[in-house]
Amino acid sequence: MTVLDWSVSVLTVGDPVEAIGMRAGLGAEVNSMLSMAMLSGPVVAYAGTPERWVFLTASATSTSNTVLADLVRLGVGLFPMGSLIALPCNDNLGTARWINRPVPHRPLPPWQAVVAAVRRTSSVSSGWL
């Protein structure tokens with residue numbers, strides 16, 4: 001298991017961490033589903049209209065074009081390798097804040113679990129389209 005340094009202000013996407021972004025409303029539903037499955041992990045919220053949530057996950061796996069099309073349809077973004085993710089400062093006075101703070105030495109949730117939660121949530125909640 002790779003231990004990440006959460007004291008940095010910027011995280012680079014790529015092995016061992018990926019990032020999946022979505023609107024806050026969908027993110028709240030996905031986060032709830034992941035929590036019920038005991039798979040929640042670090043989530044950062046970014047102020048804006050609409051507010052966006054970014055889920056930090058373990059490394060991505062290959063996926064089908066159907067899954068990718070579903071994510072695009074739902075407005076879910078996969079951050080490309082090398083993208084920079086601004087992490088919240090301890091005071092949370094900036095444009096970024098933690099929804100779920102990282103827990104030291106706890107592994108990141110599987111990428112597939114977050115993607116599956118997005119798809120399951122969207123299948124039971126048509127209000128996100």
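Predicted model: local features only at pLDDT ≥ 70, side-chain atom pairs only at ≥ 80, totals over all residues.

Colleague: OK, back to serine 122: buried or exposed?

Modeller: Serine 122 is buried, with a relative accessible area of 16%. Buried means under 20% relative accessible area, exposed over 50%, and partly exposed in between, using a 1.4 Å probe and protein chains only.

Colleague: And what does the side chain of serine 122 reach?

Modeller: The backbone oxygen of arginine 119, at 2.9 Å. For a polar contact we want a pair of N or O atoms within 3.5 Å; within protein, one must be able to donate a hydrogen and the other to accept it, and residues adjacent in sequence count only if both atoms are side-chain atoms.

Colleague: What about threonine 121, where does that one sit?

Modeller: Threonine 121 is in H3 too, which covers residues 111-124. Threonine 121 counts as buried at 2% relative accessibility, and a polar atom of its side chain lies 2.8 Å from the backbone oxygen of alanine 117.

Colleague: Which residues does valine 114 touch?

Modeller: Valine 114, again in H3, touches Ile20, Val30, Leu34, Phe55, Thr57 and Pro109, leaving aside residues up to four places away in sequence. Contact means heavy atoms within 4.5 Å. Valine 114 is buried, at 0% relative accessible area.

Colleague: How far is the C-alpha of valine 114 from that of glycine 41?

Modeller: They're separated by 9.5 Å, and the two residues are 73 residues apart along the chain.

Colleague: Switching to the sheet. What's the strand order?

Modeller: It's an open sheet of five strands, ordered E5-E2-E4-E3-E7, with antiparallel pairing. E5 (77-78) and E7 (96-100) stand at the edges with a single partner strand each, so one side of each has no neighbour in the sheet. Two strands pair if DSSP finds at least two bridges between them.

Colleague: How many bridges join E2 to E5?

Modeller: Two, with E2 being residues 18-23. Isoleucine 20 stands opposite leucine 78 in E5.

Colleague: And E2 with E4, how many bridges there?

Modeller: Six, in the antiparallel sense. Glycine 21 stands opposite valine 54 in E4.

Colleague: Why is E4 called largely enclosed?

Modeller: Because five of its six residues are buried.

Colleague: What about E3 and E4?

Modeller: Those two pair antiparallel over four bridges, and alanine 45 has tryptophan 53 in E4 as its bridge partner. E3 and E4 make a hairpin with five residues between them, and glycine 48 in the turn has a positive phi of about 155 degrees.

Colleague: Now H1. Which strands does H1 lie across?

Modeller: H1 (residues 24-36) lies across E2, E3 (43-46), E4 (52-57) and E7, and runs at about 35 degrees to E4. Axes are lines fitted to C-alpha atoms, for helices over the stretch in contact, and angles run from 0 to 180 degrees between N-to-C directions.

Colleague: Which residues of H1 are buried?

Modeller: Ala24, Leu26, Gly27, Val30, Asn31 and Leu34. They cover an arc of only 150 degrees around the axis, which puts them on the same side of H1; the arc is that of the directions from the helix axis to the C-beta atoms. Just after H1, methionine 38 takes a positive phi of about 60 degrees.

Colleague: Last one: which residues of H2 are buried?

Modeller: In H2 (residues 65-73), they're Val67, Asp70 and Leu71. Those fall within an arc of 100 degrees seen down the axis, so they line one face of H2.

Key:
Residues numbered from 1 in each chain as written. Heavy atoms only, no water.
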